[in-house]
Amino acid sequence: MSLFESLKSKIESKKIKLVFPEGEEERILKAAVKLAEDNLAEPILLGDVKKIQSLAAQLNLTIEGIGIQLLDPKAYSTTDFDEMKEAFVARRNGKNTLEQADEMLRDVNYFGTMLVYMGLAEGMVSGAVHATGDTVRPALQIIKTKPGVSRTSGAFIMTRNYDTEKYLFSDAAISINPTAQELAEMAIASIKTARIFDIDPKVAMLSFSTKGSAKSPEVSKVAEATAIAQKLAPDEAIDGELQFDAAFVPSVGKQKAPDSKVAGHANVFIFPELQSGNIGYKIAQRLGGFEAIGPILQGLNQPVSDLSRGANVEEIYKVGIITAAQSLE
């Protein structure tokens, strides 16, 4: 069973509600209709209801009777909106007033995030026309990170050869220069993400050094992160610091780290900072022929996914499937 066929089997007929703040965007509308028609989710599209209906008519798409809900934050019922504002102010611990909440919650991303927080949707997918900050900021302010997670991270599932090869790269999207503690937390979050995709996680904490072959503050950070992660999850296969070849190639792993259960067999790769992670996944994508699926935001209490602004309909559809699957964890 392919990666996405496996995910579909997990979420089919579960009636998972996903909110799409960019409901007036053609790509979003097409992907949402496909998710609804395939019985994989019940999309909630935000925006001007008449504009969405007009766009659907232009595209010859049926949006009625298939489980799609249309909501306009600017025309939300007074009673429900007052309840949302009060919940927002409470969640923000008084950092925003009711008057500020009234303005902020007219923004589709804040409104959509509150639907998830209040249990009116299981997850959110945004970013087709919004910058990453516009999607992530409300999630961090409202949904927040899970206990024991100080910072969210962004992972990519890398697949090739009809999904016979599957790997997880993290963080390649969010954390610019994580601390050792944050790297360790990222490793634990990545283990959970890997299992969603039926990957039996073997986690390599990457560096330009293997087991002390080089000395520098950068190497020490990864070694410390490895120790923290191993303490946090003693039953998981986590090792470092490892160079990529030692982590991935069995013969090199055996030579450079002969006592490691991960070296030469890793399938979850934790990069030491964003620069190397972002470069690494794009090299694998462009030179290695891998499909890069993500970023998948990790560590939040409820799933929120950030699309690339260049995402096509199929990519949005797949991110919707992933987000729905995350909501079951």
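Which strand do 5 bridges join to β7, and do the two run parallel or antiparallel?

1. The partner is strand β8 (residues 237–242), joined to β7 by 5 bridges and running parallel to β7; two strands count as paired if DSSP finds at least two bridges between them. This is a predicted model, in which local features need pLDDT of at least 70 and side-chain atom pairs count only at pLDDT 80 or more, while totals for chains, interfaces and linings use all residues. Residues are numbered from 1 along each chain as its sequence is written, and side-chain values use heavy atoms, with hydrogens and water left out.

2. Within this pairing, M205 has G240 of β8 as its bridge partner, and V203 has I238. The chain passes from β7 through helix α9 (residues 217–232) to β8 in a right-handed β-α-β crossover, that is, clockwise from the first strand over the helix to the second with the strands pointing away from the viewer.

3. Strand β7 also pairs in parallel with strand β9 (residues 268–270), through 3 bridges, and here A204 stands opposite F269.

Conventions: Helices (H or I, at least four residues) and strands (E, at least two) are DSSP runs, numbered from the N terminus.
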